[in-house]
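Hi everyone, thanks for coming.

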Amino acid sequence: MLLAAFAAAVAATVFADQQRWSRSVEHRRDQVQAQAIAIAGVQWARQILFDDARTSAIDTLAEPWALRLPPIPLDNGEIRGAIIDAQSRLNINALGDAGTRADVERSRIARLFVQRRGPVAALDAIADWIDRDSIVRAGGAEDAWYLARPSPSLTPNAPIMRVSEIAAVRGVTDDSLAAVDAFVTALPPGTPVNVNTASAEVLAAIVDGASIDAIAALTASRAQKPFTTVAEFRARLPSGVRLDSEDALDVKSRFFEVTIEARQGATLARARALVRREPEHWPAIVWQIVE
Ligand SMILES: [Ca+2]
Ligand SMILES: [Ca+2]
């Protein structure tokens with residue numbers, strides 16, 4: 001009797017273990033598949049960008065790459081995704097550069113930070129974080145300041161790869177960074193902003209003296225007919241709106257951010273990538289994160 005009860009208990013344990021094991025195998029299989037599908041999605045986004053470059057000389061929000069991919073059902077799950085023009089945003093790395101073009105870009109970033117309640121007081125500290133030298137700017141901070149923190153660190157003194165990196169900069173708060181996060185990017189210094197894809201907020205930072213109505217008129221006119229040159233962008237600005245400089249502006253883009261989400265069973269995988277597209281070349285991956 002005792003032996004029978006023992007055998008039954010063992011059998012129950014083994015059965016439970018087997019079920020756990022098979023659930024875990026199933027979960028792992030779904031996870032691997034979801035990640036593979038997400039990575040395949042990035043490949044597919046590169047194909048779309050490659051095809052776009054062969055059929056158009058400018059990049060606008062009316063093109064196929066800019067259409068968000070709605071959830072598409074797959075066997076055991078679904079896939080969805082989006083491509084964003086990274087050059088629709090202001091490039092934070094310009095802050096570490098010197099020269100006329102960099103000054104123009106800095107004044108745009110400063111305007112954005114003021115308009116969106118970003119980390120205005122940390123502009124010099126962000127610039128020090130990125131610039132190669134160790135000379136402290138007026139409101140900035142170099143190694144000495146970071147070394148004196150409870151967890152000492154050094155400034156990278158190099159362009160950032162991801163905007164989130166500046167969360168560690170002196171004076172940048174979570175709230176101030178969140179306020180501008182959607183309007184800034186981290187691209188190689190000198191990369192221009194595409195006025196055909198820039199959001200209303202970014203356009204308002206590029207031009208001076210723009211009312212909400214003027215920016216709305218500008219984006220409406222752009223939707224009717226995209227700009228084919230930066231000179232045309234300037235010529236079509238609504239009255240009362242000024243453009244200080246045509247520096248660091250363009251009507252086409254090379255850098256795009258791809259986000260793909262794939263679900264398999266109960267697991268979700270997400271692939272994010274920064275893609276660089278050069279004429280006549282298969283778009284290259286600058287960085288990719290699969291999670
Ligand atoms: Ca295009
Ligand atoms: Ca520095």
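Let's start with Arg108. Leaving aside residues up to four places away in sequence, Arg108 touches Leu90, Ala205, Ile206, Ser245, Asp247, Ala248 and Leu249. Contact here means heavy atoms within 4.5 Å. Arg108 sits in helix α2, which covers residues 100-116. Helices (H or I, at least four residues) and strands (E, at least two) are DSSP runs, numbered from the N terminus.

Before going on, a word on what you are looking at. This is a predicted model, where local features need pLDDT of at least 70, side-chain atom pairs count only at pLDDT 80 or more, and totals for chains, interfaces and linings use all residues. Residues are numbered from 1 along each chain as its sequence is written, chains are lettered from A and ligands numbered from 1 in the order in which they are written, and side-chain values use heavy atoms, with hydrogens and water left out.

A salt bridge is a side-chain nitrogen of Lys or Arg within 4 Å of a carboxyl oxygen of Asp or Glu.

Arg106 counts as partly exposed because its relative accessibility is 25%. Again leaving out residues up to four places away in sequence, Arg106 touches Leu95, Leu123, Asp124, Ala127 and Arg137.

Some of those names take us to helix α3, residues 123-130. This helix is mostly covered, with eight of its eight residues buried. They are Leu123, Asp124, Ala125, Ile126, Ala127, Asp128, Trp129 and Ile130. The cover over them includes α2 and α4 (143-147).

Asp128 brings us to the calcium ion, ligand 2. Which protein atoms are its donors? They are Asp128 (O), Asp131 (O), Asp131 (OD), Asp133 (O), Glu142 (OE), Glu142 (OE) and Asn157 (OD1), and they lie 2.2 to 2.6 Å from the ion. Donors are N, O and S atoms within 2.8 Å of the metal (3.2 Å for Na, K and Ca), and since water is not among the atoms, sites may look incomplete. Along the sequence, the donor residues follow the spacing D-x2-D-x1-D-x8-E-x14-N.

Asp128 is buried, at a relative accessible area of 0%, while Arg137 is partly exposed at 26%. Elsewhere, Arg111, Asp208, Arg242 and Asp244 are joined into one network by salt bridges that share partners.

In total the structure holds 23 salt bridges. One of them pairs Asp51 with Arg54, their closest N and O atoms being 3.0 Å apart. These two are three residues apart in helix α1 (residues 2-55), so about one helical turn separates them. Asp51 is partly exposed at 29%, and Arg54 is exposed at 60%.

Now look at Asp59 and Arg277, whose side chains meet in a salt bridge (2.9 Å, N to O). This pair links distant parts of the chain, 218 residues apart: Asp59 is in the loop between α1 and β1 (69-74), and Arg277 is in the loop between β8 (267-276) and β9 (284-290). Both Asp59 and Arg277 are buried.

Finally, let's zoom out. The chain has eight helices and nine strands. Its radius of gyration is 25 Å, well over the 19 Å that the globule rule gives for 291 residues, so the chain is more spread out than a compact globule. That radius is taken over C-alpha atoms, and the rule is 2.2 Å times the number of residues to the power 0.38. Along its principal axes, the C-alpha trace spans about 95 × 55 × 35 Å. Buried residues make up 41% of the 291 residues.

How values were computed
Buried < 20%, exposed > 50% of the residue type's maximum accessible area, 1.4 Å probe, protein only.
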